[in-house]
Amino acid sequence: MEEKKLIRGFIKQEPIGFVSFILLLAVIIPAVFAPIFAPYDPYKADLSNSLSAPSLSHILGTDELSRDIFSRIIFGTRTSLMMGFGPTSINLILGALIGMYSGLAGKKTDNIIMRIVDIILSFPFMILAMAIVYNLGASLFNLFLALVLVGWASIARVVRAETISLKENLYIEAAKSMGAGTFSIMVRHILPNILPTLIVLYTMSVPSAILSEAGLSFLGFGAQPPSTSLGIMIQKGKDYLFDAPWISLGPGFVLLVIAMSFNFLGDSLRKYFDIKIGK
């Protein structure tokens, strides 16, 4: 009952966030069930209908190998979402654990962890990710690994700040006096109080990971043919931007919708949680 009340309150107070959530579902569901929603095989090439303009048979046209753009967008979105949700989920867990431990630990341990975070954050994200993928080899797995290696640090810093503000509360002191260990305090007392922050961080980090994957794939450091992603489709379409702009515009628009919807949803959740906590 309480959950339904929270959902209704969110819809009423943050309609833009709710619309963004619906748009995300409209993108995610076809991507998850791509073989059902895709009208054509996204990898089948026959050259008989190359660079065909949007029509009733191919609603977003075809590419240089006569592959249906709409079908490739559905499968490419699945790859991009996997690279968004997967690394971000791991980063959230790592960042939350490291941030909470750093905030609760002594000054020496906290300083060591934060200096490591500072070193990681001092490098431009895309440059560091490209360096990792370049040395390991261009592939989705190595790109996944790169996003995990460099993505947890910013989350850890935010969680550490939240933990430091919470650890002086009386219930934390009471738990320590009763012999509760660091891990127990993290899970039972800190985590429930920073959960709204983690949810907002997650919704804001997923589009960053998706855009990073698209950018790295566009530069040739991500998925490799015959695999597809939104970044690869945009990169392949740049050679036909004036003759067949639909090759790049279709996946580019989907990428825009995903990024904006996640950002609007994250912003709405942040404002909603701020109001609820304020009350």
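This is a predicted model: local features need pLDDT of at least 70, side-chain atom pairs count only at pLDDT 80 or more; totals for chains, interfaces and linings use all residues.
Local features need pLDDT of at least 70 and side-chain atom pairs count only at pLDDT 80 or more, while totals for chains, interfaces and linings use all residues. Residues are numbered from 1 along each chain as its sequence is written, and side-chain values use heavy atoms, with hydrogens and water left out.

**View 1. Arginine 78 in helix α4.** Let's start with arginine 78, found in helix α4, which covers residues 69–104. Helices here are DSSP runs (H or I, at least four residues), numbered from the N terminus. Arginine 78 has 35% relative accessibility, so it counts as partly exposed; buried means under 20% relative accessible area, exposed over 50%, and partly exposed in between (1.4 Å probe, protein chains only). Leaving aside residues up to four places away in sequence, arginine 78 touches Ala31, Val32, Ala34 and Pro35, where contact means heavy atoms within 4.5 Å.

**View 2. An aromatic pair, tyrosine 43 and phenylalanine 75.** The model has three aromatic pairs. In this one, the ring centres of tyrosine 43 and phenylalanine 75 are 6.1 Å apart and the planes are at 65 degrees, so the pair is edge-to-face. Rings of Phe, Tyr and Trp (its six-membered ring) pair if their centres lie within 6.5 Å; planes under 30 degrees apart count as stacked, over 60 as edge-to-face and the rest as tilted. Tyrosine 43 sits in the loop between α3 (34–37) and α4, and phenylalanine 75 in helix α4, so the pair ties together parts that are 32 residues apart in sequence. Are these two residues buried or partly exposed? Tyrosine 43, at 40% relative accessibility, is partly exposed, whereas phenylalanine 75, with a relative accessible area of 12%, is buried.

**View 3. A cluster of rings.** Here you can look for Phe85, Tyr202 and Phe262, which ring pairs link into a cluster.

**View 4. Serine 212 in helix α9.** Helix α9 spans residues 182–218 and includes serine 212. With 8% relative accessibility, serine 212 counts as buried.

Notes:
Helices (H or I, at least four residues) and strands (E, at least two) are DSSP runs, numbered from the N terminus.
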